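Work through the exercises below with the sequence and the model open. Try each task before reading its solution.

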Amino acid sequence: CNFVNNCKVKRSRRVLECMFIKRTFCLVMLQWENNHLFTSMYYKYVVYYTRFLDDMFLLWDGPLELIEKFVDYLNTTSLFLKFTHNINTEGIAYLDTYIKHGDTGFHSEIFRKETFSNGYLDYTSNHPKHILRNIFKGQCIRVARMTSDYEIMVSEINNLRNMFFNRGYPLTLLNNISTYVIAEWGNKYTPILGIGIDKIIRKNKEYDEFHRVCVLTYTPYVNYI
């Protein structure tokens, strides 16, 4: 019993340490953005910017030759941050999505690295069946939300169904869930990416002041602020 409790304490401690590291890093990056990125002479060419931890994504509406100078500038702003970049005028991978430029705006789809392997939980695993079911459903919803083209979404869900079938999942279960998610695409499961560049620019320019983050010290009255 002491061994089990000790393991739980160590696991909880690791979780807290990871949460602390991530939040601290986000605060550091926020300070860096305010001091160096948003005030840069190059930022006027950035029509859209987002970041997840240290992975940055931006849309550039300026001379291509200035991008290299922009990255060089970023690398002079910090001793502990080193920036690499990937530039493409057609499409680019960002985290687990591939964003590309089309005739009607920007479109997105699922991206997998070359090292991806079908490591989804096997159906023979000693887990409650509702958890195994929800794993597949969650992955299908993720595809529906991250894919802006209907045909690509259907193809990706069919591909996902084959992956889970190879992991021992019943075909009837897979067919029922995939059919349901495909039918709800665009309704219950609306794609979160894939909009025109005009909307991106308009949203960024009109509501830029609302993108600022307010960081407060703890107070028991924080819910009233």
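**Exercise 1. The overall chain**

Buried residues make up 28% of the 225 residues in the protein chain. The model is a predicted one.

Task: state how many helices and strands the protein chain has, and give their order.

Solution. Step one is the count: 6 helices and 5 strands. Step two is the order. Starting at the N terminus, the elements run α-β-β-α-β-β-β-α-α-α-α.

**Exercise 2. H3 against H4**

Task: decide whether H3 and H4 are roughly parallel or antiparallel, and name the residues that make the contact.

Solution. Begin with the geometry. H3 and helix H4 (residues 150-166) pack at about 160°, and their axes are 9 Å apart. An angle over 145 degrees counts as roughly antiparallel. H3 and H4 are therefore roughly antiparallel to each other. Their crossing is right-handed.

Next, list the residues. H3 contributes Ile135, Phe136, Gln139, Cys140, Val143 and Ala144. H4 contributes Met153, Glu156, Ile157, Leu160, Arg161 and Phe164. Last, sort them by class: the contact of H3 with H4 has 9 nonpolar, 1 polar and 2 charged residues.

**Exercise 3. H3 against H5**

Solution. The crossing of H3 and H5 is right-handed.

On the H3 side, the residues are Arg133, Phe136, Lys137, Cys140, Ile141 and Ala144. They meet Leu173, Leu174, Ile177, Ser178, Tyr180 and Val181 in H5. By class, the contact of H3 with H5 has 9 nonpolar, 1 polar and 2 charged residues.

**Exercise 4. Two cysteines**

Task: classify Cys26 and Cys140 by accessibility, then state how many disulfides the structure has.

Solution. Take Cys26 first. Its relative accessible area is 31%, so Cys26 is partly exposed. Cys140 has 0% relative accessibility and therefore counts as buried. Recall that Cys140 of H3 takes part in the contact with H4 and also in the one with H5. Now the bonds. A disulfide is a covalent bond between the sulfur atoms of two cysteines. A search of the whole structure finds 0 of them.

**Exercise 5. Arg142**

Solution. For a distance check, take Val181. Arg142 and Val181 are 39 residues apart in sequence, and their C-alpha atoms are 10.0 Å apart in space.

**Exercise 6. A backbone angle**

Task: find where Leu95 sits and say what marks its phi.

Solution. Leu95 is in the loop between strand S3 (91-94) and strand S4 (97-102). Most residues other than glycine have a negative phi. Leu95 is not a glycine, yet its phi is positive, about 55°. With a relative accessible area of 40%, Leu95 is partly exposed.

Note on methods. Residues are numbered from 1 along each chain as its sequence is written. This is a predicted model: local features need pLDDT of at least 70, side-chain atom pairs count only at pLDDT 80 or more; totals for chains, interfaces and linings use all residues. Side-chain values use heavy atoms; hydrogens and water are left out. A crossing is left-handed if the near helix is turned anticlockwise from the far one by less than a right angle, and right-handed if clockwise. Helices (H or I, at least four residues) and strands (E, at least two) are DSSP runs, numbered from the N terminus. Contact means heavy atoms within 4.5 Å. Ala, Val, Leu, Ile, Met, Phe, Trp, Tyr, Cys and Pro count as nonpolar, Asp, Glu, Lys and Arg as charged, and the others, Gly among them, as polar. A disulfide is a pair of cysteine sulfur atoms within 2.5 Å. Buried means under 20% relative accessible area, exposed over 50%, partly exposed in between (1.4 Å probe, protein chains only). Axes are lines fitted to C-alpha atoms, for helices over the stretch in contact, and angles run from 0 to 180 degrees between N-to-C directions. Angles under 35 degrees count as roughly parallel, over 145 as roughly antiparallel, 65 to 115 as roughly perpendicular and the rest as oblique.
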